[in-house]
Amino acid sequence: PDNPTTDFQTVWNNVYETLVKLDPKTRAHIPNIAESWAVSSDGKTWTFRIRKGVQFQGEYGELTADDVKFSLDLFLKMGNHPIVFDLKQRVTEIKVTDPYTVQITLASPYVTFLNDTSSTQFGTGIYSKKYVDSVGQEAAARKPIGSGPFKFVEHKKGSSVTLEAVPQHWRLLPDYQTLNVRLIPEPATRLAALLS
């Protein structure tokens, strides 16, 4: 799927999950889809151990190392955003070593590697390979399916995005059953809507 537009940033942040995430208080990297990771002594090889039992929304099964590799390969094929371009130059291999382990080899050590591959802002969420293969990249981008705590319901371009909570999510049970994000670009209109 293409890099998210402003409309879809809310979707990416709630429908997809990343290998690791940033702790909102400490800003330290903490486990997410990857329950653990290690880097080689030369700083070039990163090994991620994928959490077992994480399910994609719908009937698309368990998230595995194959989905991670597939998603990172797609990410590296994207447009010319500076982070994508930089990673294209640095990543030399993405290898699945077993169903729950992914190894990423870099040409040289890269200090912001975890940051750049753990942000849904740039499209580094994990996609279901089975889903994208079955419907195609364009259809999957229009109706995203991930492993996050909310599932996609509807997108009205330039107007709103509607999401629904995923029951029994592995990480988070949302406080809201339905999340409707209204997109109001004009500040005065946005303020009026908030006040009303």
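Guide: The lining of the largest cavity is made up of Leu72, Phe75, Leu76, Leu87, Val91, Ile94, Ile104, Phe113 and Thr117. Two elements give two or more residues each to this lining: helix H2 (65-76) and strand S5 (91-98). H2 gives the most, with three residues. Helices (H or I, at least four residues) and strands (E, at least two) are DSSP runs, numbered from the N terminus.

This is a predicted model, in which local features need pLDDT of at least 70, side-chain atom pairs count only at pLDDT 80 or more, and totals for chains, interfaces and linings use all residues. Residues are numbered from 1 along each chain as its sequence is written, and side-chain values use heavy atoms, with hydrogens and water left out.

A cavity here is a set of points, on a 1 Å grid over the protein atoms alone, where a 1.4 Å probe fits but cannot get out; lining residues have an atom within 4 Å of a point. The structure holds one cavity of 30 Å³ or more, and the volume of the largest cavity is about 60 Å³. Grid points are joined across faces, edges and corners, and a volume is the space filled by probe spheres set on the points.

By class, eight lining residues are nonpolar, one is polar and none is charged. Ala, Val, Leu, Ile, Met, Phe, Trp, Tyr, Cys and Pro count as nonpolar, Asp, Glu, Lys and Arg as charged, and the others, Gly among them, as polar.

Key:
On a 1 Å grid over the protein atoms alone, a cavity is a set of points where a 1.4 Å probe fits but cannot get out, and a pocket is an open set with protein on both sides within 12 Å along at least five of seven lines; lining residues have an atom within 4 Å of a point.
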